[in-house]
Amino acid sequence: MAEENLTRINKFLSEAGYCSRRAADKLIDQGRVTINGVVPEMGTKIAPGDQVRVDGQLIATEEKEKPNVYIAFNKPIGIVCTTDTKRERNNIIDYINYPERIFPIGRLDKPSEGLIFLTSDGDIVNKILRARNNHEKEYIVKVNKTLQPDFVEKMSNGIPILDTVTRKCFVEQTGEKEFRIILTQGLNRQIRRMCEYLGYEVTKLKRIRIMNVPLDIPVGKWRHITKAELKEIDRLVNTSSKTEEASKLAEEKKITKPKGIKPKNPNKHKRPRKKS
C-alpha cells in the first residue's frame, strides 16, 4: 500500500468527526480503539477499508467525492492512445502515470504527435463524442514533396475517403511542403488518407489545438486544463450538440422548391379583410 494512502489513526478519528487528535491519542492509550479487531500502538496508520472501532462502535467516514481530472497532454510520436496497458507496452496511460484512473478523449495516431485530452469524467467524453466531432481540431502537417497550386483548394473542398467525402475545412499552406488544417470531424487517419488520395505522403503530423485549448507544453509533458478552458469547452460542446440536432431537424423538414416558383399562399381562399 502506497504511503500516501495511509492515515494516522488519530487523524482518522479527527477527520471522522469523532474527537480531536489529542482526545484520540488518549483513547488509543487507554486501549479503547481497535483496527480490524486489534488494539493499535500510538501512531499506527490505517489503510482504506480498515475497520476502526471505539469501544466496539464502528467509526465510519463520509467518502469525499474526488473532483474530476482534466488533462491536456502533448503526446510524443510512438505512444498509443489506449487504456489497454497489458497488450500495448507504449500506451498513453503508463506513459503519463497519473495517480488516478484517467482515459483519453478520442485518438491521435501512433506516428503523430501533439495535443490530446485525458480525463476521469465520463460525462464530458460522452458530450464530446455525442457532438460527432463538431468541434475544431487544428494540425500542422508536413508532406514528402512540394505542394501543387491546387492542393489547398482540393483539400479544403472535400476528399473522397472511407466511402464518404470529407467535410469542407480550412487549409492554409505554410511552407513548400507544409500546411495548416482545421478539421471538424475525426475519420480514421483522416489527414493521412486525404493526402494519400492526392498523391502525398505525410512525414509529420502535429495537433496544435483542440477547440479553445492550444498546445502550449513541451512534448511528453501534461498540464491540468484550467477552469476557464473547461467552462468554454462545455459551452462549445453544448452548442455543437444543439447545432447538430437542429441541422438534422432542418434537413428532415427541408423541402426544396425550383427557383422562380412562388410558394403557395396559405391565405389564398380566405376573404380579404375589410379596410376600416
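**Exercise 1. Getting your bearings**

Among contacts in the protein between residues at least 6 apart in sequence, what percentage join residues at least 24 apart? Then work out how far to trust the model.

*Solution.* Step one: contact means heavy atoms within 4.5 Å, and 63% of the contacts in question join residues at least 24 apart.

Step two: this is a predicted model, where local features need pLDDT of at least 70 and side-chain atom pairs count only at pLDDT 80 or more, while totals for chains, interfaces and linings use all residues. Residues are numbered from 1 along each chain as its sequence is written, and side-chain values use heavy atoms, with hydrogens and water left out.

Step three: look at pLDDT, the predictor's confidence in each residue, from 0 to 100. Its mean over the protein is 83, with 81% of residues reaching 70 or more. Over residues 246-270, though, pLDDT is below 50, and this stretch has 2 contacts in the model beyond near neighbours in sequence. Where pLDDT is low, the predicted coordinates should not be read in detail.

Of the 276 residues, 36% count as buried. Buried means under 20% relative accessible area, exposed over 50%, and partly exposed in between (1.4 Å probe, protein chains only).

**Exercise 2. Rings around Tyr 200**

Describe how Phe 151 and Tyr 200 pair, and what sits around them.

*Solution.* Start with the rule: rings of Phe, Tyr and Trp (its six-membered ring) pair if their centres lie within 6.5 Å; planes under 30 degrees apart count as stacked, over 60 as edge-to-face and the rest as tilted. The whole structure has 4 aromatic pairs. For Phe 151 and Tyr 200, the ring centres are 5.0 Å apart and the planes are at 75°, so this pair is edge-to-face.

Phe 151 belongs to helix α5 (residues 151-157), while Tyr 200 is in the loop between α6 (190-197) and β14 (202-210), so the pair ties together parts that are 49 residues apart in sequence. Both residues are buried.

Now widen the view: Phe 151, Phe 179 and Tyr 200 make up one aromatic cluster. Lys 145 lies over the face of Tyr 200, 5.1 Å from the ring centre. For that label, NZ of Lys or CZ of Arg has to be within 6 Å of the ring centre and within 35 degrees of the ring normal.

**Exercise 3. Helix α6 and the cysteines**

Which residues of α6 are buried, and how many disulfides does the structure have?

*Solution.* First, the buried residues in α6 are Gln 190, Ile 191, Arg 192, Met 194 and Cys 195. They pack against β9 (137-143), α5, β10 (160-161), β13 (178-183) and β14. Just after the helix, Gly 199 takes a positive phi of about 90°.

Second, a disulfide is a pair of cysteine sulfur atoms within 2.5 Å, and the search of the whole structure finds 0. Cys 195 has 0% relative accessibility, so it counts as buried. Cys 169 counts as buried too, at 13%.

**Exercise 4. Strand order**

What is the strand order in the open sheet of 3 strands, and what joins β12 to β13?

*Solution.* Two strands pair if DSSP finds at least two bridges between them. The order is β2-β4-β5, with antiparallel pairing. β2 (33-35) and β5 (57-58) stand at the edges with a single partner strand each, so one side of each has no neighbour in the sheet. β4 (residues 52-54) pairs with β5 over 2 bridges, and Arg 53 has Leu 58 as its bridge partner.

Now the second part. A hairpin joins β12 to β13 through 2 residues. Strand β12 (residues 170-175) and β13 are antiparallel, with 5 bridges; Phe 170 is bridged to Ile 182.

Methods
Helix = DSSP H or I, 4+ residues; strand = E, 2+ residues; numbered from the N terminus.
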